[in-house]
Amino acid sequence: PGEVSYLNPASVAHLQQYYFSTHYQTGNYGVEGDRTNYGLLLADGMQGSVIPGAFTYTRKNIELTGISATLQDFAITLAGFPLRHVSLGVTGHRTMSSIPLREDTQDNAHVGIIVNPRPYLGLGLVVHDILNSTDTIPLVYRLNRTYSVGAHIMMTPTFRLRLDASQPERQTGLSGRRTDVMGGFETFFSPEWTFRAGTQWKETLDQTNITTGIGYRGPRLSFDYSFQKDVRS
């Protein structure tokens, strides 16, 4: 639930509750530099809501080759079920980038859809940043239209698989079209605790990441921890 508005805006329609979450992330991301990310999410999918929605705020502090940058993002998501087994979501967001002697603001949108043909199967499609950025924005901070597809399979009530693929429209300095592929699983070894592991083939950044994590889900409080490492370099 803490990722609904970030991954696929159509996920907000599935919450069926009020949800608040926050996240913190830090690390070195190779060609992306050192990053520290903060995030806040408020979502309301309670029955009786006219339209399920969410608000998110994200702040990224980036250190890259001696240059400091800050990216802030405010987003509002609305979602619903136009059909019984199909959810649709739209996110409008404003991104503000700040680098030495320059500040830029960009407005854009994400569109997502989720289809659940069977109770154990979910299929998703997302287009991030559907609008073109203006040429006045520095290329490194220009929002890039990205197409993503994914599948979520509940093999058993305690074992789940996920597979995703994404392809950015703009791939500067890369030979040919490159696609990022991510896969992973989670298994509940008790009703409250889950173990997760996966991998990311991020060809657009020449990275191969392994990921692992653990999560706790209580009646009113949940938390998750994850670790990621690039094994290619």
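# Strands, contacts and rings

Q: Over how many bridges do E8 and E9 pair in the antiparallel sense?
A: The antiparallel strands E8 and E9 belong to a predicted model. A strand (E) is a DSSP run of at least two residues and a helix (H or I) one of at least four, both numbered from the N terminus; two strands pair if DSSP finds at least two bridges between them. E8 and E9 form a hairpin with two residues between them. The number of bridges over which E8 and E9 pair is 10.

Q: Which pLDDT must be reached before side-chain atom pairs count?
A: pLDDT is the predictor's confidence in each residue, from 0 to 100. Residues are numbered from 1 along each chain as its sequence is written, and side-chain values use heavy atoms, with hydrogens and water left out. Totals for chains, interfaces and linings use all residues, local features need pLDDT of at least 70, and side-chain atom pairs count only at pLDDT 80 or more.

Q: Which element of the protein chain has the highest mean pLDDT?
A: The protein chain averages a pLDDT of 90, and 98% of its residues score at least 70. Among the elements, helix H1 (residues 4-7) is lowest, with a mean of 83, while the highest mean, 97, belongs to E7.

Q: In E8, which residue is the bridge partner of Leu 121?
A: Strand E7 (residues 121-128) runs antiparallel to strand E8 (residues 146-156), and eight bridges join them. For Leu 121, the partner in E8 is Ile 153.

Q: How many residues make up the largest nonpolar core?
A: A nonpolar core is a set of buried Ala, Val, Leu, Ile, Met, Phe, Trp, Tyr and Cys residues joined through side-chain atoms within 4.5 Å. In soluble globular proteins, nonpolar side chains tend to be buried together. Val 12 belongs to the largest core here, and its contacts (heavy atoms within 4.5 Å), leaving aside residues up to four places away in sequence, include Val 4, Ala 54 and Ala 79. The core also holds Ala 13, Leu 15, Tyr 19, Leu 41 and Ala 43, and its residue count is nine.

Q: Why does His 93 count as buried, and what is its relative accessible area?
A: His 93 is found in strand E5 (residues 86-99). Buried means under 20% relative accessible area, exposed over 50% and partly exposed in between, with a 1.4 Å probe and protein chains only. His 93 is buried because its relative accessible area is 8%.

Q: Which side chain makes a polar contact of 2.6 Å with the side chain of His 93?
A: A polar contact is a pair of N or O atoms within 3.5 Å; within protein, one must be able to donate a hydrogen and the other to accept it, and residues adjacent in sequence count only if both atoms are side-chain atoms. The side chain of His 93 makes such a contact with that of Asp 129 at 2.7 Å. The contact at 2.6 Å is with the side chain of Asp 73.

Q: Which side chain makes a polar contact with the side chain of Glu 186?
A: Glu 186 lies in strand E10 (residues 180-188) and counts as buried at 12% relative accessibility. Among the residues it touches, not counting those up to four places away in sequence, are Thr 158, Phe 159 and Phe 195. Its side-chain polar contact, at 2.8 Å, is with Arg 196.

Q: How far apart in space are Thr 179 and Pro 168, C-alpha to C-alpha?
A: Thr 179 is found in the loop between E9 and E10 and is partly exposed, at 31%. Its side chain makes a polar contact with the side chain of Gln 167 at 2.9 Å. Thr 179 and Pro 168 are 11 residues apart in sequence, and their distance in space is 7.7 Å.

Q: What is the angle between the planes of Phe 159 and Phe 185?
A: Phe 159 and Phe 185 form a stacked pair, with 5.6 Å from centre to centre and an angle between the planes of 25°. This pair links distant parts of the chain, Phe 159 in strand E9 (residues 159-168) and Phe 185 in strand E10, 26 residues apart. Together with Phe 195 these two form one aromatic cluster. The angle asked for is 25°.

Key. Rings of Phe, Tyr and Trp (its six-membered ring) pair if their centres lie within 6.5 Å; planes under 30 degrees apart count as stacked, over 60 as edge-to-face and the rest as tilted.
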